[in-house]
Amino acid sequence: MLSRRTFGRVMAAAVAARVTSGSGLMGQVAGSQTATGLSAGTTKSGPQFSVMMWALNKQGSFEENLERVAEAGYHHVELVGEFGKWSDEDWRRILARMQALKITVDATSGVKAGFADPSGQDAFLAELKGFIPAVQRLGCGQIILLSGKRVEGAAAGAQKAASVEALKRAADVLGAAGLMAVIEPIDRLENPPIYLDTVTEGFEIVKAVGIPHVKVLYDLYHEQRTHGNLIEKLEQNIDEVGLIHIADVPGRHEPGTGEVNYGNVFRKLGELHYNRVIAMEFYPTGDVVETLRKAREEAMRGMGIAG
């Protein structure tokens, strides 16, 4: 019988095979870096850039915003389960438009059950299994997972241990479906009841899970709001970062509007040879297309990537 670690290596190789088969961005996204700097989830040409669509909701309809994203030079978007309300006709029309625009979905959230409830593992896994067909219909290969709420009266360490066990079980489900997962800490200014609120513990959990297709979503906005020390955490844990989200503090606007020195952050990501997805998850303060384009171009320049 395969150990979990051996299974993880086999799964990483299987996902890598999807790259060459042209089965979508997920062949290029998530997974673990190897000594060669390329594995499942990485790209030879550097990071991919994406836009989290919910942050543009006030700018127009979903399809109007797809057009804006494409005009700004992006080829990927991220969702928060919007497709749960799509009719069959919506699915047909939107997927066709995305194909015409050469846009794919690199990641989506939408599993409401959290992984950190010691008594809720079966419910979490059942919802995850039920979510997978829609994710596959999107052509998306990476699911964003949240911890759920702190459990009042839980013993010290109980929710962390539950997280590790739930994610190991989830990894088996995801592996069978050829999917990856990233866990996202959320700051408690935004979500006071949340259990997982810092990438520090997120990295500890992922390392304890020990399976390459379960990583951390490093949301620089959330981490800066209540913890900071962004760059050192990148340096110490870059192999466990499966996805990065970008917004400035305060206000959740584009880089350059707040306190985060994104020039230094992007420079460090370039030095660390980060080559997964960077997603813009901010409220543009100016013209949507121009703001998104500028954010992508500045990130590329900061990382030393030729346009």
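What covers the buried residues of helix H2? Let's work up to that in this predicted model, beginning with the whole chain. Its secondary structure comes to 10 helices and eight strands, and buried residues make up 54% of the 307 residues. Among contacts with a separation of 6 or more, 75% link residues 24 or more positions apart.

Now find H2, which spans residues 62-71. Phe62, Asn65, Leu66 and Val69 are buried in this helix. Looking down the axis of H2, you will see these buried residues fall within an arc of 110°, so they line one face of the helix. As for the cover over the buried residues of H2, it includes strand S1 (48-52) and strand S2 (76-79), along with helix H3 (88-101) and helix H10 (288-303). Just after H2 comes Gly73, with a positive phi of about 95°.

Next, turn to a pair of helices. Two packed helices are described by the angle between their axes and the distance between the axes. Helix H4 (residues 121-138) packs against helix H5 (residues 158-177) at an angle of about 30°, and their axes are 10 Å apart. Angles under 35 degrees count as roughly parallel, and H4 and H5 are therefore roughly parallel to each other. Their crossing is right-handed. On the H4 side, the residues that meet H5 include Phe124, Leu125, Leu128 and Ile132; on the H5 side, Ala166, Ala170, Val173 and Leu174 are among those in contact with H4. The residues of this contact divide into 10 nonpolar, two polar and four charged.

Definitions and conventions: Residues are numbered from 1 along each chain as its sequence is written. This is a predicted model: local features need pLDDT of at least 70, side-chain atom pairs count only at pLDDT 80 or more; totals for chains, interfaces and linings use all residues. Side-chain values use heavy atoms; hydrogens and water are left out. Buried means under 20% relative accessible area, exposed over 50%, partly exposed in between (1.4 Å probe, protein chains only). Helices (H or I, at least four residues) and strands (E, at least two) are DSSP runs, numbered from the N terminus. The arc is that of the directions from the helix axis to the C-beta atoms. Contact means heavy atoms within 4.5 Å. Axes are lines fitted to C-alpha atoms, for helices over the stretch in contact, and angles run from 0 to 180 degrees between N-to-C directions. Angles under 35 degrees count as roughly parallel, over 145 as roughly antiparallel, 65 to 115 as roughly perpendicular and the rest as oblique. A crossing is left-handed if the near helix is turned anticlockwise from the far one by less than a right angle, and right-handed if clockwise. Ala, Val, Leu, Ile, Met, Phe, Trp, Tyr, Cys and Pro count as nonpolar, Asp, Glu, Lys and Arg as charged, and the others, Gly among them, as polar.
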